[in-house]
Amino acid sequence: MLFFVVSAGSAAYFFNQLSLSTPPLTAGPLAANKSYGVTIDLTQYDDAALKQTLEALHASGLTWLRQPIRWADIEPEPGHFNWQPLDRIITAITNFNQLSHSKKNATLPTQPIDQPSIHPTIYPPNHLSTQPSIQLIAVLQTSPRWARAPHTTATAPPLAPSDFGRFARALSARYGELINIYQIWDEPNLSANWGHTLVDAPAYAALLREGALSLREVDPDAVIMTAALAPTLENGPLNLNEIDYLDRLYQIKANRWFDVVAAQPYGFDHEPSDPPASGTLNFRRIELLRQVMLNHGDAETPIWATAFGWNALPPHWSGPKSPWKTDSPDQQARRTAEAINLARQNWPWLGPMLAIRWDTTNLEPDDPARGFALRDTPVVLAALQTATGDPTIATPGVYPADHASGQYSPGWRFAATQADIPRHEPRTLTIPFNGTRLDLAVNRGSYRGYLWATIDGQPTNALPLDNRGHSYVVLYDPLREATSITLARNLPPGAHQAEIMAEGGWGQWAIAGWTVSNEIDDTFYRRGFIIAGMVAAISGFMVLSTLIKNFSQFLSFISRRVELFYNLDERVQFALAAAPTVGLYFGSGHLAPVLLALLAVTLLLRPDFGLIFIAFSLSFLPYQQLMPVLNISLLETLLLFSTAGLIWSLVNVQPSAFIIHHSSFIIHHSVILLVSFLVLGLIATLFAQNFGVSMLAWRTMVLGPVVFCVLIVLVAPPEQSPPSDLTWRLVDAFVFGAIVHAAIASILFFFDDQFIAAEGVRRAVGPIYSTPNNLALFLERVWPILLTVALLPGQSRQRRGLYGLGLGLVTATLYLTFSRGTLLLALPSALVGMALLVGLYQKTWRRGLLVAGIGLALLLTALLPLLTTARLATVIDFSQGTSFFRLKLWQSALMMLRDHWLLGVGLDNFLYQYRTFYIFPEAWQEPNLSHPHNLVLDFGTSLGIGGIVIIVWLQVQFWSQAWAAYQKQPNPLLLGLMGSMIIILAHGLVDHAYFLVDLAFAFFLIFGVVQRIAWFPSE
């Protein structure tokens, strides 16, 4: 056994190393520029200071200057432009470049370094490499007052993107020969830079498209860069983390409108080598942006770091704390140098790197942004200068043939990123590079030609050798293929120099570029994996044979270990399960596989804990990142392990561990109903237009909730705990999770200004949900349970008191959402419905209706101050606004159901059909609606007529079981559960009711608990 474990572990280690040895995918030619720069507003300097600043920047090697271009200042009135501030700095830069290059007897290039001329030239492109031009990245931002909505700030986007497009065309027409890189807006993922309103990726994409089309109309070669996305951990709606924001841009195909993705890899208080994680702000977080691009199949587009660095405030700083964290200048200088080396060695897809700011001009004395000023932190500037002062050397990446890292002998010709061999000697190309592998891109043809190559003066290790021991590349190929030839691989890490001498091939444009990589020599790992895998297979077969022969002893061994777990105090068992769950929720980096293993073992033995965790976290888990190894959400992970626990108990490894509920449930028509739901959803998915979207919805909103429901009914805790405990534990967890969410939402509302201001009210949104309505939809489902348990006798004083406190908090939070469906429909319906149920049971209506009337009166009183606001004043106006759009939406949904009555359009496919085919022209203002805002229409359009049968069948089953159980033993919990279903039905008439992950699980939690109580009355 030990031999098998060691060999299997070794095989896993070697396999992991093999996966790590694959170099990252490179990007296109715009990543070949590995120079440096800084964000700076040159308009803030007078002429003398401007000249001195340009000289200092150039001397420091910071040749990319990211210049804000404020539309609000340039076009204060439509068609009236104030170009003078920009003219002044453009003229200064032009004169400076001309003067600088004239000292080298060179003319001013008409295009940036590393981008070829459109005409062939005999001048090697590296003739200016020691004196590169200063180049601008023009950041188009802010809107004039006349172009944006009234009473908004300059950072608000324009009302009409076409106005922005006209400005962009005017800018390019004036400076197109001098500016080639344009960045559209700045940090639109922050509310402050989007007019202090909700961030809106589609709206930014529209602005980006307008800018790109307008600029390219004037200058077809213009390079368009996305806005620099601010690093943040927030999930909206006011601020949205840059990872999700970029993902949304790709989802709506905005990558058609940009050539470069801009990133801001601030270091904060982390080391450059600290691994990236979704919950951490650090330098390598930029790798998560790159992963988003790869997830969408975009390896070609490069990333430019338009703001990177660490904050270094003076030792005795007395101003406010730096929000970017701070440390000593020496520490930050070390981190800066290490970051540059890490980026250049490991990120072949990264282009230029720009520091955050140059000096402290126009900063207040107590502004912590001073800690980024290079001029005020000489050691950090020196670290940058070391990088910019290094001789041009190719680090990992793809380079065109005219890149400055290639040093050519005289006579070569260059055009369109290709190089042509000269007729006369010397015909040499020298490539200094830093990496372990070098590939050369060549254009072969029907001609005699050879390239003789050496690395560090020795023959290359990946090419054939002639009789003299010289390594060579054959350029002859009658098929005229362009290909990449590996010159050398598995070189020692560090600097190397390739010397290439051409023989023949002139006039054929043979050289197309080169690629440098850092790859690990995987020979050792490959052989180790093969040997360890063979040993593991042989030893594993022997172990399996032994286990088969001694199966009873093996079961006895496992049983003894399981018994040790069950003998632990239940609180210890719960802690062992909760600890890895919390760790995985907040992100655990390299510990994630260990935590997953611990969670799997504990839930295998106590699946009821998994159900409790799900019930508590329904409003948090569905939007959590995918778990490593399993590649599913934490919610699905808990469900998977809990299901495995149920199966474990069924095989009777530990017969006394679990009580599995009566097998009669298996043949009951409730199971037939659930299976029908599963099968119908799967069939509809197979015929859905967007299969992937529908399959994900089936997995997360049908399969998962149904399995959850079955587990609720079947799983019971160990014998030492009464079975009824699980029923109340599930309900308590569900309620407590909602209370925690309501508490956080209230804190954010009152103390962190996390709300949405609209229609005359401020609406709470909470920490997870993007809209107040989503928050209300979830919280309202626990409100009847809180109400009945707190106000009606039947439970302990402690539970009633806690539920009473929760009732007050949840009610207040629901009020702060100002959800009309909740306040005007759901809660009143629950009050009246529960009063009627009590009256029906007691055969006396007076008391129930009196209580309901008092509740409705209190609710109406609370709503009186809002009746004059636009939020409630327009609720019955069906000629415009929400009510008008809702009617049009229902008409469209009915047409959709008429056309797709058999199987519907598929789960979560409503959006794609509605906005492109069924939307009424008069409802064009709200095209992106993902559901028909009606429970019956939602099931019908998703699953066809069978879906309507399913939802009716579910309701019949629920109410027949709930009412029968209530008649046998009336209790507050059953009444509250029925009140929750009334809310689902009532609010479901005008909004979401089921097809969201949290709502689907909440629905089947309520359904499953009622089934459990009805079928097993002993609980």
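Modeller: Before we start, one term: a helix crossing is right-handed if the near helix is turned clockwise from the far one by less than a right angle, and left-handed if anticlockwise. Also, bear in mind that this is a predicted model.

Colleague: Okay, is the crossing of helix 5 and helix 6 left-handed or right-handed?

Modeller: Start with the geometry: the axes of helix 5 (residues 161-175) and helix 6 (residues 201-218) come within 8 Å and cross at roughly 30°. An angle under 35 degrees counts as roughly parallel, so helix 5 and helix 6 are roughly parallel to each other. As for the hand of their crossing, it's right-handed.

Colleague: How do the residues of the contact of helix 5 with helix 6 divide into nonpolar, polar and charged?

Modeller: On the helix 5 side you'll find P161, S162, F164, G165, A168, R169, S172 and A173. They meet L207, E210, G211, S214, L215, E217 and V218 in helix 6. Sort the residues of that contact by class and you get seven nonpolar, five polar and three charged.

Colleague: Now helix 13 and helix 15: are they parallel or oblique to each other?

Modeller: Helix 13 (residues 570-585) packs against helix 15 (residues 607-616) at about 55°, with the axes 10 Å apart. Their crossing is right-handed. Roughly parallel needs an angle under 35 degrees and roughly perpendicular needs 65 to 115, so this pair is oblique.

Colleague: How many charged residues are in the contact of helix 13 with helix 15?

Modeller: Helix 13 brings E570, Q573, F574, A577, A578 and T581, which meet F609, I612 and F613 in helix 15. By class, that contact has six nonpolar and two polar residues, and the number of charged ones is one.

Colleague: What about helix 29 and helix 31, is their crossing left-handed or right-handed?

Modeller: The axes of helix 29 (residues 945-968) and helix 31 come within 9 Å and cross at roughly 40°. That makes helix 29 oblique to helix 31. The crossing itself is left-handed.

Colleague: Why is helix 20 largely enclosed by the rest of the structure?

Modeller: Buried means under 20% relative accessible area. In helix 20 (residues 772-779), the residues on the buried list are P772, N774, L775, A776, L777, F778 and L779. Helix 20 is largely enclosed because the buried share of its eight residues is seven.

Colleague: Is H196 buried or exposed?

Modeller: H196 is found in the loop between strand 4 (181-184) and helix 6. Its phi is near 55°, a positive value in a residue other than glycine. Most residues other than glycine have a negative phi. With a relative accessible area of 54%, H196 is exposed.

Colleague: What is the phi of T417?

Modeller: T417 sits in the loop between strand 11 and strand 12. At 24% relative accessibility, T417 counts as partly exposed. Although T417 is not a glycine, its phi is positive, at about 65°.

Colleague: Is the peptide bond from E425 to P426 cis or trans?

Modeller: P426 lies in the loop between strand 12 (418-420) and strand 13 (428-434). Most peptide bonds are trans. The bond from E425 to P426 has omega near 0°, which is cis.

Methods. Residues numbered from 1 in each chain as written. Predicted model: local features only at pLDDT ≥ 70, side-chain atom pairs only at ≥ 80, totals over all residues. Heavy atoms only, no water. Axes fitted to C-alpha atoms, helices over the stretch in contact; angles between N-to-C directions. Helix = DSSP H or I, 4+ residues; strand = E, 2+ residues; numbered from the N terminus. Parallel < 35°, antiparallel > 145°, perpendicular 65-115°, else oblique. Contact = heavy atoms within 4.5 Å. Nonpolar A, V, L, I, M, F, W, Y, C, P; charged D, E, K, R; others polar. Buried < 20%, exposed > 50% of the residue type's maximum accessible area, 1.4 Å probe, protein only.
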